[in-house]
Structure formats: structure tokens, C-alpha cells
Amino acid sequence: MPEIRTKVLIIGGGPGGYVTAIRLGQLGIATMLVERAWLGGTCLNVGCIPSKALIHAAEAFEQAVHQAGTDRYGIRVERPSIDFGRTMEWKDGIVGRLKGGVAALLKKHGVKTLAGHATMLDGKTARVESDTGPQVIKAEHVVLATGSVPAPLTALPFGGRVISSSEALSLSDVPQRLVVVGAGYIGLELGTAFAKLGSKVTVVEAEDRILPAYDTELTRPVARRLGALGVEMLAATRARGLSPDGEALVVEFAGGTERRLPADKILVAIGRRPCTEGLGLDQLDLGMDGAFIRIDERCATSMRNVWAIGDLTGEPMLAHRAMAQGEMVAEIIAGQRRAFDKVAIPAICFTDPEVVTVGLSPEKARKAGHEIRVASFPFQANGRALTLGAEEGFVRVTARADNHLILGIDAVGQGIAELSAAFGLALEMGARLEDIAGTIHAHPTLGEAFHEASLRTLGEALHI
Amino acid sequence: MGLRSIRLPDVGEGVAEAEVVEWHVKVGDHVREDQTLAAVMTDKATVEIPAPFDGTVVALGAEVGGMLSVGAELLRLEVAGEGDAEAAPAPKPQPRAESKAEAPRSHPAEPEDEPPPPMRTPSRLGPPRPAGEKPIASPALRRRAREAGVDLRQVRGTGPAGRIEHADLDAFLRGGAAAPAGARRIANTTVEEIKVIGLRRRIAQKMAESKRRAAHFSYVEEIDVTSLEDLRAHLNAQAADGKPKLTLLPFLMQALVRTVADFPQMNALYDDDAEIVHRHGGVHIGIATQTASGLMVPVVRHAEARDLWDCAAEMQRLAEAARAGQAGREELSGSTITITSLGPLGGIVTTPVLNRPEVAIIGVNRQVVRPHWTGAQFVPRKMMNLSSSFDHRVVDGYDAAQFVQRIKSLLEAPATIFIEV
């Protein structure tokens with residue numbers, strides 16, 4: 001069997017793996033990347049990117065539907081309709097373009113890519129079943145970046161009507177009745193999109209409210225909007241399994257009563273689990289942290305020169321975390337001193353309205369022992385929000401009471417995902433309330449709400 | 001707005017200059033009337049200087065540790081209304097008649113037209129970070145630090161909220177803190193500069209001067225304190241509420257008073273410049289006391305006029321005042337003989353340094369139970385050494401030995417301390 005030698009072997013071509021490869025290429029290090037399915041991974045193919053395309057198309061269609069009624073802008077549209085096949089083509093086009101982009105970038109930086117499934121034989125050797133036959137790759141460093149897959153529900157295995165987020169992004173038709181199990185960000189993003197596209201959506205959540213990871217202040221506008229879109233929300237409710245005829249989901253309420261929810265599709269979005277199986281990782285005897293691979297602040301595993309990045313290594317399972325880790329690992333392999341010392345990893349729910357959290361929430365800040373000051377500024381008092389018809393939501397700033405160091409910035413509102421850049425920069429630079437208060441924010445923009453929230457935390461808000 | 005100077009006021013009789021030991025404000029601070037600006041130290045007393053009016057600090061007249069003569073510019077404030085600092089150069093210090101002779105070297109009179117002395121810029125010392133708190137720094141700075149092998153937890157931040165700025169890292173790196181690459185254990189090459197200022201400077205000067213001038217010799221004797229300890233325990237047990245708790249020192253003080261009556265050469269001050277020994281009638285016993293800022297020697301005055309309880313109470317009061325930094329000049333000077341005791345840390349033998357110009361110092365060592373041969377059997381006795389030093393220039397070894405033997409006989413038969421023979 002031919003044996004290939006390389007300095008670095010990366011397993012997994014998602015955001016973590018391909019960024020590691022690009023940076024290694026830039027640093028002049030011989031690198032080989034093995035990917036079994038698609039370059040770009042979950043994010044690009046069946047995650048972030050296609051879901052955002054679908055969400056955008058759904059939003060555009062919903063506006064048109066709205067305009068067919070009594071539209072507040074005075075726009076009048078006659079009987080809008082959607083050709084969902086064309087929508088999917090458009091989405092696939094974006095994915096294809098980006099995937100081609102990743103391949104080109106890897107090539108440009110001299111990274112060898114191999115399509116196939118890799119199995120570790122020992123800490124430095126992998127066997128790859130590729131199209132051209134099996135190959136053995138020996139490397140000095142191995143970077144594990146295999147990501148995660150949708151977690152199944154034991155009572156409701158994937159198949160038939162029961163689909164994961166991946167399938168939900170490539171349906172050929174808009175399902176008439178969609179039941180979403182799990183009111184986390186994935187379930188709500190897709191549930192909202194399909195509701196806008198015309199599905200009758202029911203969301204089932206075992207916890208007593210939507211987006212249980214966020215505080216109710218932040219999720220209330222989302223819950224209100226779901227109600228306005230006609231999404232039925234069943235909180236504190238458990239999915240028991242398919243009905244005997246297979247055409248409905250049987251759910252059980254907190255009191256023990258059951259209900260049958262007829263559905264064309266049942267989307268199970270209860271979370272994701274790391275992709276650690278079938279990789280021969282049992283051969284390596286790596287230190288684990290629950291289901292995840294245990295890493296230190298340099299993304300080093302318990303085995304020398306075996307690194308792990310991304311969803312494989314735990315929460316938050318976010319593409320931008322994996323990319324930052326990958327960049328760092330590449331530089332460490334190149335002999336530079338690095339550590340993952342980020343202050344914050346921003347997280348966004350592309351629900352309607354969007355939710356952004358960066359750093360500590362007021363509750364977590366208090367739990368961490370900080371004495372804090374908190375204030376929020378509502379978009380109702382922001383001129384730009386009104387002109388966008390997006391007055392729901394607010395920006396909230398949490399800071400230390402003693403020295404005004406900003407600990408966390410949260411926001412909920414339409415189109416505020418883009419504000420995460422400003423929020424992240426503020427935290428990473430160690431900004432104080434006075435730094436934000438002393439920065440001119442252009443008028444009229446949604447970003448002014450960040451400025452005003454900081455002013456308000458100081459007791460100096462101008463427009464409220 | 002105008003500038004106004006605040007000058008070092010006359011802080012005590014006979015004081016011509018003072019050392020700035022602490023700044024309570026920095027350049028840029030707004031101060032209110034009566035707010036403390038600085039602490040200055042004269043002789044042994046520390047005096048706080050309040051602001052005479054509101055204003056913003058624009059310059060400080062000396063660094064911590066610097067000496068200022070009375071009347072020199074302490075700091076400069078920007079104030080509302082008309083100032084005075086620019087209109088007229090700093091007026092000459094007005095030395096009082098008695099201080100002129102004492103310390104002419106340190107403050108030559110400034111010529112009328114000399115510009116104000118250069119003002120120091122604030123040092124790059126940020127507030128210390130509480131333990132466990134993460135350093136705040138931008139990503140670019142964190143990367144620089146990582147590459148230089150610098151642990152940012154060791155770097156002070158001078159930015160807002162204690163943020164570490166690039167200049168802070170530069171300063172840290174200039175301090176020679178670079179670590180070798182890759183080593184698990186990193187050689188610590190840091191050298192911290194501690195300014196010897198304030199009380200520490202006084203102690204340093206006094207100790208060096210004492211060792212340089214006096215011809216020290218030490219004499220150690222063993223004392224059986226079993227009876228003394230029994231008496232002490234008895235008195236403490238019987239003592240009414242409100243009485244101070246007796247330690248061994250008040251007994252030693254009483255014994256000293258009895259002994260120096262026969263050895264007046266020990267309770268004396270030797271003015272070696274004038275070559276005169278002043279034998280004092282009053283026994284003013286200095287008690288070496290450890291405080292947070294260093295060694296101080298508060299003085300129990302006229303021990304000959306105090307009884308045992310009184311000595312104990314006065315000693316306790318002085319020690320507390322000294323530790324609280326509230327002992328006045330009067331209480332910190334004027335001793336004629338000194339006792340030094342480290343209690344349980346007293347060791348077997350010490351070689352005390354004379355509190356010059358005194359000629360004798362008595363050091364108390366640790367008490368231990370030791371077997372004692374009575375001639376027929378071993379019995380456990382509480383034993384303690386006294387380590388004393390004398391100035392051989394004016395005290396002979398023979399006299400010193402007799403002096404210590406007398407103290408020993410008093411302490412071993414404690415009733416004789418109190419009984420007129």
C-alpha cells in the first residue's frame with residue numbers, strides 16, 4: 001500500500017480544518033487535508049450558509065405576502081407565490097460557489113486534499129479509503145477536526161418523515177405541516193423560515209420556554225414574533241415517538257396527557273454531538289471530556305502532536321470558534337507561541353428577530369462574583385430601527401460596577417447580527433463603558449443603540 | 001484658571017526639611033480642600049499635608065523619597081480664578097533661626113530668579129490587580145506578550161480599568177524579564193528595585209552609624225526564670241479587670257531601674273563628637289518594636305517613676321501607637337537604654353546593635369525548659385538567655401558583666417526586684 005508522508009495531516013475539511021490548512025500553507029508547512037464528504041463541512045454545506053439563504057428567501061417571501069395584505073409601507077403586491085425549487089437552486093448556487101472558493105484557497109496555499117474516510121491507526125498514522133483506493137498517511141502532527149452531526153432522539157430515529165437540519169435544508173417542497181422538536185436556535189431558525197414559507201409549524205420543547213440557553217428578556221421578542229407568524233409553541237412537552245400509522249408525532253404534556261401532532265415532516269433539532277466514531281480514535285486512547293475530546297488552551301490533546309479543534313472539543317459548537325482554534329494550532333505547529341486566550345466568542349441566533357450574545361450575561365456575571373451595572377436601550381427609541389420597521393428589541397450592556405469594564409453585550413432585534421462585530425471588538429479590546437460612550441456612532445444606525453445602552457449604563461442616556 | 005503652588009509648611013519645631021514618603025494624589029487628580037495630598041516624614045514623625053483649596057494637580061514637587069525643605073514647592077494646583085505660581089517665582093524658603101544652623105547642607109538658598117525645579121512625570125505604575133483577576137489587554141498585545149514569553153498576569157496595566165497598554169509591556173520587557181524559550185522551568189531574572197526611603201532609610205542610616213561608631217561587644221548570660229514566671233502567672237491570674245497583661249518585659253524594666261542605680265554608666269548617652277558621656281537620672285527605656293513599615297523604638301519615659309503595672313500599660317500603649325503609625329515624635333525619641341525582644345522568635349543568642357548614642361542594649365532570648373542539675377538530681381527549669389551589647393568605648397567588659405549578673409540575680413529572685421534592701 002502506498003505510504004504518503006507529510007508534516008501535518010488534517011482530518012476534516014470544515015471551517016476548522018480548512019482554515020488550519022490555509023494557515024499552515026501560508027506558513028510553508030507541508031499539509032494534507034482529508035475530507036470524506038464536502039469541503040466546507042457542515043457550516044458551508046448543511047449548516048450556517050444554506051440555512052441563512054433559506055431564512056433570507058423566506059423573509060423576502062413573507063414580506064411579499066405581507067404586502068399582498070395591508071402593508072404599512074404602502075406597497076401593494078398581487079398574490080405572491082414561491083417556486084421553492086428555484087429557491088433551492090439559488091441556495092445550492094451559493095453553497096457551490098463557496099465550496100469552490102475553499103478548494104481554490106487550499107490549492108492556492110499548496111495544501112493537498114484527499115477525498116475519503118480516514119481511520120487513525122496510531123497517533124501519527126491514518127488509513128484513508130479514497131476513490132483511488134486505500135492509502136496510508138504518516139504525519140508528524142495530526143489535527144482532528146471532524147466536527148459534529150445532528151443528535152438523534154432515541155424515540156424518534158431519523159428516517160422517513162423524521163429529518164435532521166441537514167435534510168431540512170434540501171427539501172424539494174415546503175412541507176404543509178412541520179413539527180420541530182427542540183426550540184434551540186437551529187429548530188427556531190428553520191421553524192421560523194418554514195412558517196414564513198407557508199408551513200403550519202408546531203414547535204415542541206422539553207424545557208418550559210424557547211431558547212432555554214438565553215434569558216427571557218432576550219427571548220421574549222422572538223416568542224412574540226413566533227406567535228404572530230402562527231407558530232404553535234408547545235413548551236414543557238416531550239416527543240414520545242411516531243404514531244402507529246407513522247403520520248403524526250405523539251407528544252406528552254407536563255401533566256402526562258398525550259396529543260397527536262399530524263405532520264408531513266418532523267424536524268429533530270435537539271442539539272449536535274461530536275463526530276468521534278469510526279475514526280479509530282479508540283486506538284489513540286485520547287483523554288475525553290464527556291463525549292468531547294479533552295484539549296488544553298493550545299488545543300493539544302492528551303497525545304503529543306495530536307491536536308483537536310472545533311465541535312469535537314465541546315461547546316460552543318460554532319464555526320468561528322473552530323476557525324480561530326485552527327488558525328492558532330497552525331501557528332503553534334509552525335513553532336510560534338500561541339494560546340486560546342479570547343475574551344469572548346460571539347453567538348448569534350438568526351431567528352426573527354435576531355439574538356446576539358457576546359461575553360457574560362448579567363446573570364452569569366453576577367454568578368462569576370462581579371458587582372455589575374446593567375442597562376439596555378430599546379430600538380423603539382432608535383430612529384433607524386423605526387425607519388426599518390424594526391422597533392422590536394434592544395441592546396443590553398453589562399459592565400463591572402467598579403471600573404466600568406464591559407463584561408457582556410447582548411442584543412435582540414432585526415438585522416442586529418452585524419452588530420456582533422462591534423460587540424466582539426469592544427470586549428476583546430477591554431473597552432470600558434466610557435470608551436463606547438466616547439465613540440461617535442453614525443446616525444441614523446442601529447449601532448447607536450449600543451452607544452446609548454453604554455451611556456445609559458453610566459446614567460447618561462440621551463434619547464430616552 | 002490659574003496655577004497656585006502649595007509649599008511644604010513648617011511641620012514641627014526645629015524641622016528644616018522633610019522627606020516625602022507617600023503621595024496621596026497624582027498629576028491630573030482633582031483635589032478638594034482639606035483632602036490629604038501627601039505624607040512627609042520629619043525626624044520620626046509622619047505628617048499629612050492637606051490641600052488648602054480645591055484644584056487639579058498639575059505637577060508634583062518631589063518623588064517619593066525626595067527631600068524638601070520647608071517652604072519649597074510641594075505641588076502645583078490648577079485652580080479657578082487667578083493663580084500665583086506663574087506670576088512670581090517660588091519664594092525662597094524662610095528658614096527659621098534654629099533650623100538654619102542644623103541643616104544648612106540640604107537646602108542652599110535658591111537664587112531669586114531661578115526657575116521652578118523640574119517636575120517629575122507620573123511613574124508607569126498602575127494599580128495592582130487583585131489576585132485571580134484576568135489581565136485586560138488587546139489581542140495584539142496578548143500576542144506580543146505570548147511571543148515574548150511574558151505572562152501578562154505579572155504586568156501592571158496603566159490604562160483605563162487597569163488595561164495593559166503596549167507601553168506597559170515595553171516597560172516590562174525593558175525590566176529584563178525575558179524568559180528563555182521552551183524551558184519548563186524559567187529562570188527568573190527579574191530584579192525588583194525597592195527604594196530605601198522613609199522609615200527604612202532612617203533605620204539604615206541609624207544602624208550603619210551605630211555599627212561604624214560604637215565599639216560593640218556582646219555578653220550573654222543564662223537566667224533561670226522559673227520563679228519569675230510563677231510570679232508573673234500568679235499576678236496575671238489575680239489581676240483585676242482592666243489591668244494590662246504582664247509579659248516578662250515589665251519585670252525586666254523594673255530590674256533595670258534597680259540595676260542602673262548602681263551602674264549609672266549604663267543609663268547614659270555618649271556624645272562622641274563632644275567626647276562627653278551624659279549619665280541620666282531618669283530611666284527612659286526604649287522598646288524595640290516591629291511595625292508594618294519597619295523597626296521603631298517607642299520610649300517608656302521615666303520607668304523609675306512607674307510601677308510594674310504602669311510600665312506594662314505604657315509599653316502596650318506605645319507599641320499599639322507605633323504599629324498604628326500614630327506614635328508622635330516625643331514617644332519615639334529620648335531613650336537612655338533599650339530593650340529588644342523577639343518573643344518566641346528570640347533564638348538562643350542575639351547580638352543587638354546599640355541604639356546610639358545609648359551605650360547599652362539588653363536583648364531577650366527565647367524561654368525554654370531545660371534540665372538543671374541541683375547537685376542531687378535533674379529538675380526542669382525555665383531558662384532564658386539575655387544577650388546584651390555595650391559600647392566598649394565607654395563601658396568596660398568587667399562592668400558590663402557585673403551589670404548583667406546583677407540583673408540575673410534580680411530576675412532569678414524576683415521578690416528582690418520589688419523589695420528595698
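**A:I406 and its surroundings**

I looked up what A:I406 touches in this predicted model, setting aside neighbours within four places in sequence, and found contacts with A:V397, A:A399, A:A426, A:L427, A:A431, A:R432 and A:L433; I count two residues as in contact if their C-beta atoms, placed from the backbone, lie within 7 Å. I note that local features need pLDDT of at least 70 and side-chain atom pairs count only at pLDDT 80 or more, while totals for chains, interfaces and linings use all residues. Residues are numbered from 1 along each chain as its sequence is written, and chains are lettered from A and ligands numbered from 1 in the order in which they are written.

**Cores**

I then found A:I406 among the residues with the most contacts inside the largest nonpolar core, which has 144 residues. Such a core is a set of buried Ala, Val, Leu, Ile, Met, Phe, Trp, Tyr and Cys residues joined through C-beta atoms within 7 Å, where buried means 20 or more other C-beta atoms within 10 Å of a residue's own, exposed means 12 or fewer, partly exposed lies in between, and C-beta atoms are placed from the backbone. Helix α6 (residues 185-197) of chain A gives the most to this core, with 8 residues; I take helices (H or I, at least four residues) and strands (E, at least two) as DSSP runs, numbered from the N terminus. Apart from this core lies another, of 51 residues, which includes B:Y270, B:C311, B:A327 and B:I417.

**A sheet in chain A**

I traced an open sheet of 5 strands with antiparallel pairing, in the order β19-β20-β23-β22-β21 of chain A, and two strands pair here if DSSP finds at least two bridges between them. The edge strands, each pairing on one side only, are β19 (347-349) and β21 (372-378) of chain A. Within chain A, β22 (residues 393-400) and β23 (residues 406-413) pair in the antiparallel sense over 7 bridges, and A:V397 stands opposite A:I409 in β23(A). I also noted helix α13 (residues 448-457) of chain A, which lies across β21 and β22 of chain A and runs at about 140 degrees to β21(A); axes are lines fitted to C-alpha atoms, for helices over the stretch in contact, and angles run from 0 to 180 degrees between N-to-C directions.

**Strands and a helix in chain B**

I followed B:T56 in β6(B), which is the bridge partner of B:H30 and also has B:E78 in β8(B) as its bridge partner. Strand β6 (residues 55-60) of chain B runs antiparallel to β3 (residues 30-31) of chain B, with 2 bridges, and 4 bridges join β6(B) to the antiparallel strand β8 (residues 73-79) of chain B.

Which residues are buried in helix α3 (residues 166-174) of chain B? I found B:D168, B:L169 and B:F172, and they sit on the same side of α3(B) because they cover an arc of only 95 degrees around the axis, the arc being that of the directions from the helix axis to the C-beta atoms. The face turned away from the buried side of α3(B) carries the exposed residues B:A167, B:D170 and B:R174, while the cover over the buried residues includes α2 (139-147) of chain B.

Between the chains, 12 residues of chain B are in contact with 12 residues of chain A.
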